[in-house]
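Thanks for passing this one along. Here are my notes, in numbered points, to read beside the coordinates.

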Amino acid sequence: MIAFLDGVVAEKSGGRVALLVNGIGYDLLVPASTVSKLPPVGRRTRLHTRLSVRDDALVLFGFASLDERSLFDLLVTVNGVGPKVALSFLSVLAPDALRRAVSSGDVAVLTLVPGVGKKVAQRVILDLKERLGGDVIVLEGPLADVREAMLSLGLTPQEASEAMAGLPADGDRPIEELLREALQRVGRA
């Protein structure tokens, strides 16, 4: 499994990025949001990846953050949502907007995604509402870094949200201390 690629942006267009890593060019399908976050061609970047194996192809998907990759992984578990539709969700909706739509049962927002009708939107809500957690927390600053670290350690978004409930948002404490406290709450420290 390829967890991430760290290399130079060789090409970028639409929903594709070519990343040059140690002399090898990797072609990745990426959400539109990831393309907009990438540095110019010739500059170094890191993309978190997911490899999709099909009978006729190996397709590598890239994401700007671990949060996007986690949501992609959850979306492809929903019946009727394949990797390309999951990518469309992340191209149209930011991770927090997607969580809000799922937790509030907002079918109208989910059907804004190309290729997603009412039935698929309802299925996404039904299958992911509990797994994404009922409370949607929009994080910035140190708490966003703590959440990202927890996701990279393998916690689900719901576990991360539960562990972070009650952490101070004032930003006076170091990130390492906040992370340690959050991990203790889920028994991983």
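1. Does Asp-73 count as buried, partly exposed or exposed? Asp-73 has 25% relative accessibility and so counts as partly exposed. Please keep in mind throughout that this is a predicted model.

2. The partner of Asp-73 is Arg-50: their side chains form a salt bridge, with N to O at 2.7 Å. Because Arg-50 sits in strand S4 and Asp-73 in helix H2, this pair ties together parts that are 23 residues apart in sequence.

3. Five strands make a closed barrel in the order S1-S2-S3-S5-S4, and the pairing is mixed. From one strand to the next, the twist averages 55°. Strands S1 (residues 4-13) and S4 (residues 44-53) are antiparallel partners, joined over 5 bridges. Across this pairing, Leu-5 stands opposite Leu-47 in S4.

4. Two helices deserve a look against the strands. Helix H2 (residues 66-75) lies across S4 and S5 (58-63), and runs at about 10° to S4. Helix H3 (residues 83-92) packs on the sheet, where H3 touches S3 (24-29), S4 and S5; the direction of H3 makes about 15° with that of S5.

5. Back to charges, where the whole structure holds 8 salt bridges. One of them joins the side chains of Arg-44 and Asp-6, at 3.5 Å from N to O. This pair links distant parts of the chain, with Arg-44 in strand S4 and Asp-6 in strand S1, 38 residues apart. How open are the two ends? Arg-44 has a relative accessible area of 57% and is therefore exposed, while Asp-6, at 28%, is partly exposed.

6. A further salt bridge runs between Arg-99 and Asp-67, whose closest N and O atoms are 2.3 Å apart. Arg-99 belongs to helix H4 and Asp-67 to helix H2, so the pair ties together parts that are 32 residues apart in sequence. Both Arg-99 and Asp-67 are buried. Elsewhere, shared partners join Asp-6, Arg-44 and Arg-46 into one salt-bridge network.

7. Last, helix H4 itself (residues 95-104). Besides Arg-99, the buried residues of H4 include Pro-95, Leu-98, Ala-101, Val-102 and Ser-103. After H4 comes Gly-105, which has a positive phi near 70°.

Note on methods
Residues numbered from 1 in each chain as written. Predicted model: local features only at pLDDT ≥ 70, side-chain atom pairs only at ≥ 80, totals over all residues. Heavy atoms only, no water. Pairing = 2+ DSSP bridges. Helix = DSSP H or I, 4+ residues; strand = E, 2+ residues; numbered from the N terminus. Axes fitted to C-alpha atoms, helices over the stretch in contact; angles between N-to-C directions. Contact = heavy atoms within 4.5 Å. Buried < 20%, exposed > 50% of the residue type's maximum accessible area, 1.4 Å probe, protein only. Salt bridge = Lys/Arg side-chain N within 4 Å of Asp/Glu carboxyl O.
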